Amino acid sequence: MRRVAVTGLGVVSPLGIGVPGFWTELTRGTSAVRRISRFDASPFPTQIAAEVRNFKPEDYLPRRDIVRTDTFIHFALIAALEALRDAKLDPSPGDPRIGVSIGTSMGGLPLIFTTYDGLQREGMRGVNPYAMPGFLPNMAASWVSIRFGARGPIASATTACAAGGQAIGDAFRYIQRGDADVMIAGGTDALVTPFVVASFGSLRALSTRNDDPAGASRPFDRERDGFVLGEGAAILVLEELDHARARGCHVHGELGGFAMTADGHHPTASTEDGPARAMAGALADAGVAPGCVGYINAHGTSTPHNDANETRAIKQVFGDHSYRLGVSSTKSMTGHLLGAAGAVEAAATVLAVEHGVLPPTINYQSPDPECDLDYVPNRSREAAIEVGMSNSFGFGGVNASLVFRRFDA
Amino acid sequence: MSQDNALSTRVITLLTERLGIPAETVTPAAHLAEDLGVDSVDAVEFALALEREFSIELPDAALVEVKTVQDVIDRVAEAQAPANEVGG
(Lines give C-alpha, C1' and ligand atoms only; values in the text may rest on other atoms or scores of the structure.)
Protein backbone atom coordinates (compact mmCIF):
# COMPACT_ATOMS: atom_id res chain seq x y z
CA MET A 1 0.00 0.00 0.00
CA ARG A 2 1.30 3.45 -0.93
CA ARG A 3 2.00 5.57 2.17
CA VAL A 4 0.97 9.19 2.41
CA ALA A 5 3.12 11.92 3.97
CA VAL A 6 2.08 15.42 4.99
CA THR A 7 4.73 17.66 3.43
CA GLY A 8 3.07 21.07 3.52
CA LEU A 9 0.72 23.02 5.78
CA GLY A 10 -1.05 26.32 5.14
CA VAL A 11 -3.57 28.01 7.42
CA VAL A 12 -5.80 31.07 7.19
CA SER A 13 -7.48 31.26 10.58
CA PRO A 14 -9.00 33.63 13.09
CA LEU A 15 -5.77 33.11 15.06
CA GLY A 16 -3.66 34.32 12.15
CA ILE A 17 -2.57 33.66 8.61
CA GLY A 18 0.36 31.28 8.32
CA VAL A 19 1.25 28.22 10.38
CA PRO A 20 3.83 29.74 12.79
CA GLY A 21 1.45 32.39 14.16
CA PHE A 22 -1.47 29.96 14.23
CA TRP A 23 0.48 27.34 16.18
CA THR A 24 1.91 29.89 18.61
CA GLU A 25 -1.54 31.25 19.49
CA LEU A 26 -3.07 27.79 19.60
CA THR A 27 -0.52 26.50 22.12
CA ARG A 28 -0.69 29.75 24.07
CA GLY A 29 -4.45 29.25 24.51
CA THR A 30 -5.63 32.44 22.80
CA SER A 31 -9.29 33.04 21.99
CA ALA A 32 -9.99 34.61 18.59
CA VAL A 33 -13.64 35.32 19.41
CA ARG A 34 -14.76 38.97 19.36
CA ARG A 35 -17.87 40.97 18.69
CA ILE A 36 -18.76 40.68 14.99
CA SER A 37 -17.14 43.51 13.02
CA ARG A 38 -18.24 42.45 9.51
CA PHE A 39 -21.84 43.65 9.86
CA ASP A 40 -24.20 45.07 12.45
CA ALA A 41 -25.13 42.01 14.49
CA SER A 42 -27.22 43.87 17.05
CA PRO A 43 -30.56 42.46 15.77
CA PHE A 44 -29.37 38.89 16.38
CA PRO A 45 -29.27 36.84 19.57
CA THR A 46 -25.63 36.02 18.74
CA GLN A 47 -23.31 38.98 18.14
CA ILE A 48 -19.93 37.27 18.37
CA ALA A 49 -17.72 35.27 16.00
CA ALA A 50 -14.12 34.36 15.29
CA GLU A 51 -13.33 36.42 12.19
CA VAL A 52 -10.13 36.50 10.17
CA ARG A 53 -9.36 40.06 11.18
CA ASN A 54 -7.60 42.68 9.05
CA PHE A 55 -7.86 40.35 6.08
CA LYS A 56 -6.30 41.97 3.01
CA PRO A 57 -6.42 39.53 0.12
CA GLU A 58 -4.43 41.99 -2.02
CA ASP A 59 -1.39 41.28 0.18
CA TYR A 60 -1.38 37.72 -1.21
CA LEU A 61 -3.37 37.53 -4.44
CA PRO A 62 -3.52 39.46 -7.70
CA ARG A 63 -6.55 41.75 -7.90
CA ARG A 64 -7.50 39.92 -11.08
CA ASP A 65 -8.32 36.82 -9.00
CA ILE A 66 -9.85 38.71 -6.07
CA VAL A 67 -12.55 40.46 -8.11
CA ARG A 68 -13.69 37.21 -9.72
CA THR A 69 -14.13 35.12 -6.56
CA ASP A 70 -15.79 35.09 -3.17
CA THR A 71 -13.89 35.14 0.10
CA PHE A 72 -13.94 31.35 0.61
CA ILE A 73 -11.85 31.07 -2.56
CA HIS A 74 -9.44 33.80 -1.39
CA PHE A 75 -8.90 31.84 1.83
CA ALA A 76 -8.29 28.59 -0.06
CA LEU A 77 -5.86 30.17 -2.53
CA ILE A 78 -3.83 31.78 0.25
CA ALA A 79 -3.75 28.59 2.34
CA ALA A 80 -2.66 26.64 -0.75
CA LEU A 81 0.04 29.19 -1.50
CA GLU A 82 1.39 28.82 2.04
CA ALA A 83 1.17 25.02 2.00
CA LEU A 84 2.96 24.65 -1.33
CA ARG A 85 5.68 27.03 -0.17
CA ASP A 86 6.06 24.99 3.01
CA ALA A 87 6.30 21.82 0.91
CA LYS A 88 8.84 23.53 -1.35
CA LEU A 89 6.69 22.38 -4.22
CA ASP A 90 6.39 24.53 -7.29
CA PRO A 91 4.06 22.55 -9.51
CA SER A 92 5.09 22.68 -13.12
CA PRO A 93 2.14 23.94 -15.10
CA GLY A 94 -0.24 21.17 -16.03
CA ASP A 95 0.97 18.33 -13.83
CA PRO A 96 -1.54 15.45 -14.10
CA ARG A 97 -0.07 13.70 -11.04
CA ILE A 98 -1.09 16.55 -8.72
CA GLY A 99 -4.73 16.77 -7.65
CA VAL A 100 -6.91 18.99 -5.50
CA SER A 101 -9.56 18.13 -2.91
CA ILE A 102 -11.08 21.06 -1.02
CA GLY A 103 -14.26 20.86 1.01
CA THR A 104 -16.67 23.63 1.95
CA SER A 105 -20.04 23.63 3.64
CA MET A 106 -21.79 26.28 1.55
CA GLY A 107 -19.29 27.75 -0.91
CA GLY A 108 -19.84 31.38 -1.80
CA LEU A 109 -23.15 31.94 -0.06
CA PRO A 110 -22.38 35.64 0.62
CA LEU A 111 -21.81 36.22 -3.11
CA ILE A 112 -25.12 34.52 -3.88
CA PHE A 113 -26.83 37.04 -1.64
CA THR A 114 -24.99 40.02 -3.13
CA THR A 115 -25.93 38.83 -6.61
CA TYR A 116 -29.55 38.34 -5.67
CA ASP A 117 -29.63 41.83 -4.14
CA GLY A 118 -28.32 43.20 -7.45
CA LEU A 119 -30.99 41.31 -9.38
CA GLN A 120 -33.77 42.64 -7.13
CA ARG A 121 -32.45 46.18 -7.36
CA GLU A 122 -31.48 46.53 -11.01
CA GLY A 123 -32.64 43.45 -12.88
CA MET A 124 -30.13 41.84 -15.25
CA ARG A 125 -27.87 44.89 -15.09
CA GLY A 126 -27.27 44.18 -11.43
CA VAL A 127 -26.06 40.62 -12.01
CA ASN A 128 -22.29 40.31 -12.10
CA PRO A 129 -21.11 37.75 -14.65
CA TYR A 130 -18.35 36.67 -12.26
CA ALA A 131 -20.95 35.56 -9.71
CA MET A 132 -21.76 32.02 -10.87
CA PRO A 133 -18.15 30.84 -11.25
CA GLY A 134 -17.34 32.79 -8.08
CA PHE A 135 -19.72 31.05 -5.69
CA LEU A 136 -20.04 27.42 -6.84
CA PRO A 137 -18.79 25.20 -4.00
CA ASN A 138 -16.31 23.33 -6.23
CA MET A 139 -14.63 26.56 -7.34
CA ALA A 140 -12.22 26.70 -4.39
CA ALA A 141 -10.72 23.43 -5.62
CA SER A 142 -10.92 24.60 -9.23
CA TRP A 143 -9.21 27.93 -8.62
CA VAL A 144 -6.42 26.17 -6.78
CA SER A 145 -6.04 23.74 -9.68
CA ILE A 146 -6.02 26.63 -12.16
CA ARG A 147 -3.52 28.76 -10.23
CA PHE A 148 -1.10 25.94 -9.44
CA GLY A 149 -1.45 23.88 -12.60
CA ALA A 150 -2.77 20.79 -10.83
CA ARG A 151 -4.47 18.61 -13.43
CA GLY A 152 -4.97 15.35 -11.56
CA PRO A 153 -8.08 14.25 -9.66
CA ILE A 154 -10.30 17.03 -8.36
CA ALA A 155 -12.93 16.79 -5.64
CA SER A 156 -14.98 19.00 -3.37
CA ALA A 157 -16.66 17.42 -0.38
CA THR A 158 -19.73 19.30 0.84
CA THR A 159 -20.51 17.26 3.92
CA ALA A 160 -21.24 20.28 6.12
CA CYS A 161 -18.93 20.49 9.12
CA ALA A 162 -17.17 17.25 8.16
CA ALA A 163 -16.27 18.55 4.67
CA GLY A 164 -12.67 19.49 5.50
CA GLY A 165 -12.01 16.12 7.09
CA GLN A 166 -13.62 14.22 4.26
CA ALA A 167 -11.74 16.25 1.63
CA ILE A 168 -8.44 15.21 3.22
CA GLY A 169 -9.62 11.60 3.47
CA ASP A 170 -10.70 11.59 -0.18
CA ALA A 171 -7.29 12.96 -1.17
CA PHE A 172 -5.59 10.24 0.89
CA ARG A 173 -7.46 7.58 -1.11
CA TYR A 174 -6.51 9.13 -4.47
CA ILE A 175 -2.85 8.83 -3.53
CA GLN A 176 -3.19 5.36 -2.02
CA ARG A 177 -4.92 4.10 -5.16
CA GLY A 178 -2.24 5.60 -7.37
CA ASP A 179 -4.46 8.18 -9.06
CA ALA A 180 -2.13 10.97 -7.91
CA ASP A 181 1.27 11.43 -6.27
CA VAL A 182 0.44 14.77 -4.63
CA MET A 183 -2.89 16.15 -3.42
CA ILE A 184 -3.55 19.72 -2.33
CA ALA A 185 -6.24 19.00 0.26
CA GLY A 186 -8.25 20.83 2.86
CA GLY A 187 -11.30 22.94 3.52
CA THR A 188 -12.51 26.52 3.38
CA ASP A 189 -15.48 28.59 4.48
CA ALA A 190 -16.17 32.31 4.87
CA LEU A 191 -19.66 32.56 6.29
CA VAL A 192 -19.70 35.24 8.96
CA THR A 193 -22.79 36.78 7.38
CA PRO A 194 -26.23 37.77 8.68
CA PHE A 195 -27.97 34.85 6.98
CA VAL A 196 -25.70 32.22 8.51
CA VAL A 197 -25.72 33.78 11.98
CA ALA A 198 -29.53 33.97 11.77
CA SER A 199 -29.95 30.40 10.47
CA PHE A 200 -27.74 28.75 13.09
CA GLY A 201 -29.32 31.08 15.64
CA SER A 202 -32.75 29.85 14.63
CA LEU A 203 -31.57 26.30 15.34
CA ARG A 204 -30.38 27.50 18.79
CA ALA A 205 -26.95 26.15 17.85
CA LEU A 206 -24.90 29.29 18.60
CA SER A 207 -23.57 30.60 21.90
CA THR A 208 -25.29 33.80 22.99
CA ARG A 209 -22.60 34.71 25.51
CA ASN A 210 -22.25 38.14 23.89
CA ASP A 211 -20.94 39.82 27.04
CA ASP A 212 -17.96 37.44 27.20
CA PRO A 213 -16.79 36.68 23.64
CA ALA A 214 -13.46 35.11 24.66
CA GLY A 215 -15.27 32.80 27.07
CA ALA A 216 -18.09 31.84 24.72
CA SER A 217 -16.61 28.74 23.08
CA ARG A 218 -16.20 26.36 26.01
CA PRO A 219 -16.30 22.77 24.77
CA PHE A 220 -16.91 20.07 27.40
CA ASP A 221 -17.50 22.70 30.10
CA ARG A 222 -20.79 22.37 31.97
CA GLU A 223 -21.75 25.97 31.13
CA ARG A 224 -21.35 25.58 27.34
CA ASP A 225 -24.29 27.02 25.43
CA GLY A 226 -23.54 26.54 21.73
CA PHE A 227 -20.82 26.96 19.16
CA VAL A 228 -19.16 30.15 17.97
CA LEU A 229 -18.99 30.74 14.24
CA GLY A 230 -15.50 30.97 12.75
CA GLU A 231 -14.04 31.27 9.26
CA GLY A 232 -10.87 30.41 7.38
CA ALA A 233 -9.15 27.66 5.46
CA ALA A 234 -6.40 25.11 5.80
CA ILE A 235 -4.54 23.15 3.17
CA LEU A 236 -2.38 20.09 3.63
CA VAL A 237 -0.01 18.98 0.91
CA LEU A 238 -0.33 15.20 0.92
CA GLU A 239 2.34 13.31 -0.93
CA GLU A 240 3.15 9.70 -1.66
CA LEU A 241 6.00 8.92 0.72
CA ASP A 242 8.61 7.82 -1.83
CA HIS A 243 7.79 10.88 -3.93
CA ALA A 244 8.45 13.07 -0.87
CA ARG A 245 11.65 11.18 -0.05
CA ALA A 246 12.90 11.61 -3.61
CA ARG A 247 12.40 15.36 -3.29
CA GLY A 248 14.14 15.35 0.07
CA CYS A 249 11.52 17.62 1.60
CA HIS A 250 10.50 17.88 5.24
CA VAL A 251 7.77 15.47 6.35
CA HIS A 252 5.48 16.82 9.09
CA GLY A 253 3.83 13.46 9.68
CA GLU A 254 2.06 10.57 8.04
CA LEU A 255 -1.64 10.32 7.29
CA GLY A 256 -2.27 6.73 8.28
CA GLY A 257 -6.02 6.18 8.25
CA PHE A 258 -9.41 7.60 7.42
CA ALA A 259 -13.00 6.55 7.78
CA MET A 260 -16.30 8.17 7.00
CA THR A 261 -19.65 7.00 8.35
CA ALA A 262 -23.27 8.10 8.33
CA ASP A 263 -25.54 8.08 11.34
CA GLY A 264 -28.57 7.42 9.16
CA HIS A 265 -30.65 8.85 11.96
CA HIS A 266 -31.52 12.57 12.16
CA PRO A 267 -30.76 15.83 10.28
CA THR A 268 -29.09 17.56 13.24
CA ALA A 269 -28.90 15.24 16.27
CA SER A 270 -25.89 12.94 16.08
CA THR A 271 -25.77 9.37 17.37
CA GLU A 272 -23.04 7.78 19.44
CA ASP A 273 -22.72 4.93 16.99
CA GLY A 274 -21.86 6.92 13.85
CA PRO A 275 -18.90 8.85 15.32
CA ALA A 276 -17.68 5.72 17.14
CA ARG A 277 -17.62 3.72 13.91
CA ALA A 278 -15.75 6.54 12.16
CA MET A 279 -13.07 6.55 14.86
CA ALA A 280 -12.80 2.75 14.99
CA GLY A 281 -12.76 2.59 11.20
CA ALA A 282 -9.95 5.13 10.89
CA LEU A 283 -7.87 3.23 13.46
CA ALA A 284 -8.43 -0.06 11.63
CA ASP A 285 -7.57 1.64 8.32
CA ALA A 286 -4.30 2.83 9.84
CA GLY A 287 -3.60 -0.52 11.49
CA VAL A 288 -3.29 1.25 14.83
CA ALA A 289 -4.54 -0.16 18.15
CA PRO A 290 -6.65 2.28 20.20
CA GLY A 291 -4.06 2.17 22.98
CA CYS A 292 -1.42 3.75 20.70
CA VAL A 293 -3.38 7.00 20.32
CA GLY A 294 -2.09 9.81 22.52
CA TYR A 295 -4.23 12.71 21.36
CA ILE A 296 -7.66 13.36 19.88
CA ASN A 297 -8.47 16.74 18.37
CA ALA A 298 -12.19 16.47 19.05
CA HIS A 299 -15.02 17.83 16.99
CA GLY A 300 -15.90 19.47 20.34
CA THR A 301 -18.25 22.18 19.13
CA SER A 302 -19.30 23.50 22.55
CA THR A 303 -22.94 22.57 21.98
CA PRO A 304 -24.52 20.71 24.91
CA HIS A 305 -25.37 17.69 22.73
CA ASN A 306 -22.19 17.22 20.70
CA ASP A 307 -19.66 17.26 23.48
CA ALA A 308 -21.45 14.74 25.70
CA ASN A 309 -22.18 12.52 22.72
CA GLU A 310 -18.61 12.64 21.40
CA THR A 311 -17.31 11.82 24.88
CA ARG A 312 -19.50 8.71 24.99
CA ALA A 313 -18.40 7.70 21.49
CA ILE A 314 -14.72 8.08 22.44
CA LYS A 315 -15.28 5.86 25.49
CA GLN A 316 -17.00 3.27 23.34
CA VAL A 317 -13.96 3.06 21.04
CA PHE A 318 -11.08 3.55 23.47
CA GLY A 319 -12.46 1.95 26.65
CA ASP A 320 -10.21 2.56 29.68
CA HIS A 321 -7.59 4.18 27.45
CA SER A 322 -10.04 7.11 27.00
CA TYR A 323 -8.89 8.39 30.38
CA ARG A 324 -5.19 8.20 29.50
CA LEU A 325 -5.19 10.19 26.27
CA GLY A 326 -5.53 13.95 25.80
CA VAL A 327 -8.74 15.11 24.11
CA SER A 328 -8.89 18.79 23.23
CA SER A 329 -11.13 21.04 21.18
CA THR A 330 -9.24 23.81 19.44
CA LYS A 331 -12.66 25.27 18.55
CA SER A 332 -12.46 26.76 22.04
CA MET A 333 -9.95 29.20 20.46
CA THR A 334 -10.73 29.32 16.72
CA GLY A 335 -14.50 28.98 16.85
CA HIS A 336 -16.16 26.53 14.48
CA LEU A 337 -14.90 26.98 10.93
CA LEU A 338 -17.66 24.74 9.49
CA GLY A 339 -16.35 23.20 6.24
CA ALA A 340 -12.83 24.38 7.07
CA ALA A 341 -12.89 23.04 10.63
CA GLY A 342 -11.78 19.53 9.72
CA ALA A 343 -8.84 20.87 7.74
CA VAL A 344 -7.65 23.43 10.32
CA GLU A 345 -7.94 20.78 13.02
CA ALA A 346 -6.13 18.19 10.89
CA ALA A 347 -3.30 20.73 10.62
CA ALA A 348 -3.41 21.24 14.40
CA THR A 349 -3.28 17.47 14.93
CA VAL A 350 -0.30 17.07 12.59
CA LEU A 351 1.53 19.86 14.45
CA ALA A 352 0.64 18.36 17.85
CA VAL A 353 2.10 14.99 16.85
CA GLU A 354 5.13 16.57 15.17
CA HIS A 355 6.04 18.88 18.05
CA GLY A 356 4.81 16.71 20.91
CA VAL A 357 2.60 19.48 22.27
CA LEU A 358 -1.14 19.15 22.89
CA PRO A 359 -3.08 22.38 22.35
CA PRO A 360 -5.59 23.01 25.15
CA THR A 361 -9.33 23.30 25.50
CA ILE A 362 -9.64 26.81 26.87
CA ASN A 363 -12.50 28.13 29.01
CA TYR A 364 -12.69 24.81 30.81
CA GLN A 365 -13.86 25.77 34.29
CA SER A 366 -16.84 23.70 35.45
CA PRO A 367 -16.64 19.94 34.95
CA ASP A 368 -19.67 18.31 33.40
CA PRO A 369 -20.39 14.83 34.80
CA GLU A 370 -21.24 13.74 31.26
CA CYS A 371 -17.83 14.89 30.01
CA ASP A 372 -15.21 13.31 32.23
CA LEU A 373 -12.14 12.86 30.02
CA ASP A 374 -8.82 14.71 30.09
CA TYR A 375 -9.62 17.69 27.87
CA VAL A 376 -6.15 19.27 28.24
CA PRO A 377 -7.79 22.07 30.23
CA ASN A 378 -6.70 25.66 29.62
CA ARG A 379 -2.97 25.09 29.10
CA SER A 380 -1.11 23.25 26.39
CA ARG A 381 1.23 20.52 27.54
CA GLU A 382 4.10 18.48 26.21
CA ALA A 383 3.40 14.85 25.42
CA ALA A 384 5.46 12.60 23.21
CA ILE A 385 2.74 11.00 21.15
CA GLU A 386 2.94 8.53 18.31
CA VAL A 387 -0.57 8.88 16.95
CA GLY A 388 -3.16 11.66 16.87
CA MET A 389 -6.76 11.58 15.65
CA SER A 390 -8.90 14.39 14.25
CA ASN A 391 -12.70 14.14 14.38
CA SER A 392 -15.18 16.10 12.28
CA PHE A 393 -18.91 15.56 12.39
CA GLY A 394 -21.63 17.39 10.51
CA PHE A 395 -25.32 17.99 10.01
CA GLY A 396 -26.97 15.15 8.19
CA GLY A 397 -25.20 12.65 10.42
CA VAL A 398 -21.83 12.65 8.65
CA ASN A 399 -18.69 11.62 10.51
CA ALA A 400 -15.06 11.78 9.38
CA SER A 401 -12.04 10.64 11.38
CA LEU A 402 -8.41 10.96 10.34
CA VAL A 403 -5.42 9.27 11.97
CA PHE A 404 -1.97 10.89 11.80
CA ARG A 405 1.26 9.17 12.76
CA ARG A 406 4.54 10.67 13.85
CA PHE A 407 7.12 10.32 11.13
CA ASP A 408 10.71 9.50 11.95
CA ALA A 409 12.93 9.71 8.91
CA MET B 1 -8.65 67.37 -25.07
CA SER B 2 -8.90 67.37 -21.27
CA GLN B 3 -12.34 65.78 -21.61
CA ASP B 4 -10.80 62.97 -23.64
CA ASN B 5 -8.18 62.47 -20.99
CA ALA B 6 -10.83 62.29 -18.30
CA LEU B 7 -12.77 59.75 -20.34
CA SER B 8 -9.76 57.50 -20.94
CA THR B 9 -8.76 57.71 -17.29
CA ARG B 10 -12.22 56.57 -16.25
CA VAL B 11 -12.21 53.68 -18.75
CA ILE B 12 -8.77 52.57 -17.59
CA THR B 13 -9.84 52.79 -13.93
CA LEU B 14 -12.72 50.40 -14.64
CA LEU B 15 -10.28 47.92 -16.17
CA THR B 16 -8.02 48.03 -13.13
CA GLU B 17 -10.67 48.29 -10.41
CA ARG B 18 -13.50 46.14 -11.71
CA LEU B 19 -11.57 43.59 -13.76
CA GLY B 20 -8.47 43.71 -11.57
CA ILE B 21 -6.06 44.17 -14.46
CA PRO B 22 -2.66 45.47 -13.29
CA ALA B 23 -2.54 49.24 -13.92
CA GLU B 24 0.97 49.18 -15.37
CA THR B 25 -0.20 47.03 -18.28
CA VAL B 26 -3.16 49.20 -19.29
CA THR B 27 -2.33 51.70 -22.04
CA PRO B 28 -4.63 53.01 -24.78
CA ALA B 29 -2.80 50.86 -27.32
CA ALA B 30 -3.04 47.66 -25.24
CA HIS B 31 -4.96 44.83 -26.90
CA LEU B 32 -7.79 43.72 -24.60
CA ALA B 33 -7.58 39.98 -25.19
CA GLU B 34 -3.96 39.49 -26.16
CA ASP B 35 -2.24 41.98 -23.83
CA LEU B 36 -4.68 42.23 -20.93
CA GLY B 37 -6.22 38.75 -20.91
CA VAL B 38 -9.79 40.04 -21.10
CA ASP B 39 -12.03 37.02 -21.74
CA SER B 40 -15.71 36.80 -22.68
CA VAL B 41 -16.86 36.91 -19.05
CA ASP B 42 -14.68 39.96 -18.38
CA ALA B 43 -16.19 41.61 -21.46
CA VAL B 44 -19.69 41.30 -20.00
CA GLU B 45 -18.56 42.73 -16.66
CA PHE B 46 -16.67 45.51 -18.46
CA ALA B 47 -19.73 46.43 -20.54
CA LEU B 48 -21.95 46.54 -17.43
CA ALA B 49 -19.39 48.73 -15.68
CA LEU B 50 -19.12 51.08 -18.66
CA GLU B 51 -22.91 51.39 -18.90
CA ARG B 52 -23.15 52.28 -15.26
CA GLU B 53 -20.16 54.61 -15.18
CA PHE B 54 -21.17 56.61 -18.24
CA SER B 55 -24.96 56.17 -18.13
CA ILE B 56 -24.93 54.75 -21.63
CA GLU B 57 -26.41 51.71 -23.36
CA LEU B 58 -23.98 49.30 -24.96
CA PRO B 59 -25.49 46.51 -27.02
CA ASP B 60 -23.91 43.08 -26.40
CA ALA B 61 -22.23 43.34 -29.78
CA ALA B 62 -20.59 46.67 -28.95
CA LEU B 63 -17.48 45.17 -27.39
CA VAL B 64 -17.18 42.21 -29.73
CA GLU B 65 -15.32 43.93 -32.52
CA VAL B 66 -13.25 46.24 -30.36
CA LYS B 67 -9.59 45.32 -30.07
CA THR B 68 -7.79 47.88 -27.95
CA VAL B 69 -8.41 50.08 -24.94
CA GLN B 70 -8.52 53.08 -27.32
CA ASP B 71 -11.29 51.35 -29.31
CA VAL B 72 -13.34 51.14 -26.10
CA ILE B 73 -12.71 54.80 -25.31
CA ASP B 74 -13.86 55.72 -28.82
CA ARG B 75 -16.97 53.55 -28.52
CA VAL B 76 -17.91 55.17 -25.21
CA ALA B 77 -17.38 58.65 -26.72
CA GLU B 78 -19.69 57.67 -29.60
CA ALA B 79 -22.34 56.33 -27.25
CA GLN B 80 -22.19 59.54 -25.26
CA ALA B 81 -22.32 61.82 -28.30
CA PRO B 82 -26.09 61.80 -29.07
CA ALA B 83 -26.93 62.48 -25.45
CA ASN B 84 -24.53 65.42 -25.45
CA GLU B 85 -26.12 66.84 -28.59
CA VAL B 86 -29.56 66.63 -27.05
CA GLY B 87 -28.27 68.14 -23.86
CA GLY B 88 -26.41 70.92 -25.74
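## Aromatic pairs, a covered strand and an interface

Ring pairs join A:Phe200, A:Phe227 and A:Phe395 into a cluster. A pair here means that ring centres of Phe, Tyr or Trp (its six-membered ring) lie within 6.5 Å; planes under 30 degrees apart are called stacked, over 60 edge-to-face, and the rest tilted. The model is a predicted one, in which local features need pLDDT of at least 70 and side-chain atom pairs count only at pLDDT 80 or more, while totals for chains, interfaces and linings use all residues. Residues are numbered from 1 along each chain as its sequence is written, chains are lettered from A and ligands numbered from 1 in the order in which they are written, and side-chain values use heavy atoms, with hydrogens and water left out.

### Aromatic pairs

Over all chains, the structure holds seven aromatic pairs. Two of them are set out here.

| Pair | Distance between ring centres | Angle between planes | Class |
|---|---|---|---|
| A:Phe113 and A:Phe195 | 4.8 Å | 40 degrees | tilted |
| A:Phe220 and A:Tyr375 | 4.0 Å | 10 degrees | stacked |

A:Phe113 sits in helix α4 (residues 109-122) of chain A and A:Phe195 in helix α8 (residues 194-202) of chain A, so their pairing ties together parts that are 82 residues apart in sequence. Helices (H or I, at least four residues) and strands (E, at least two) are DSSP runs, numbered from the N terminus. Is this pair buried or exposed? A:Phe113 has 34% relative accessibility and counts as partly exposed, and A:Phe195, at 41%, counts as partly exposed. The cut-offs are under 20% relative accessible area for buried and over 50% for exposed, with partly exposed in between (1.4 Å probe, protein chains only).

A:Phe220 is buried, with a relative accessible area of 0%, and A:Tyr375 counts as buried at 1%.

Strand β5 (residues 98-103) of chain A is mostly covered, with six of its six residues buried. In a regular strand the side chains alternate between the two faces of the sheet. In β5(A), A:Ile98, A:Val100 and A:Ile102 point one way, A:Gly99, A:Ser101 and A:Gly103 point the other way, and all are buried.

Which strands pair with β5(A)? One is strand β7 (residues 182-189) of chain A, which pairs with β5(A) in the parallel sense over six bridges. Another is strand β6 (residues 154-155) of chain A, which runs parallel to β5(A) and is joined to it by two bridges. Pairing requires that DSSP finds at least two bridges between the strands. A:Val100 stands opposite A:Ile184 in β7(A), and its bridge partner in β6(A) is A:Ile154.

### Helix α7

Helix α7 (residues 163-177) of chain A has 15 residues and reaches 21 Å from its first C-alpha to its last, close to the 21 Å expected at 1.5 Å a residue. That expected span is 1.5 Å times one less than the number of residues. Because 12 of its 15 residues are buried, α7(A) is largely enclosed by the rest of the structure. Among the buried ones are A:Gly165, A:Ile168, A:Phe172 and A:Ile175. Just after the helix, A:Gly178 takes a positive phi of about 90 degrees.

A:Ala163 belongs to α7 of chain A and is buried, with a relative accessible area of 0%. Beyond its neighbours within four places in sequence, A:Ala163 is in contact (heavy atoms within 4.5 Å) with A:Gly103, A:Thr104, A:Ala157, A:Thr158 and A:Gly339.

### Chain B and the interface

Chain B has three helices and zero strands. Of its 88 residues, 39% count as buried.

How do the chains meet? In chain A, 11 residues are in contact with 19 residues of chain B. The area buried between chain A and chain B is about 1,100 Å², of which carbon and sulfur atoms give 41%. This is the accessible area (1.4 Å probe) that the two parts lose on being put together, summed over both. On the chain A side, A:Arg64, A:Arg125 and A:Tyr130 lose the most area to chain B, together 55% of what that side buries.

Six salt bridges are found across this interface, each a side-chain nitrogen of Lys or Arg within 4 Å of a carboxyl oxygen of Asp or Glu. One salt bridge is formed by the side chains of A:Arg125 and B:Glu51 (3.3 Å, N to O).
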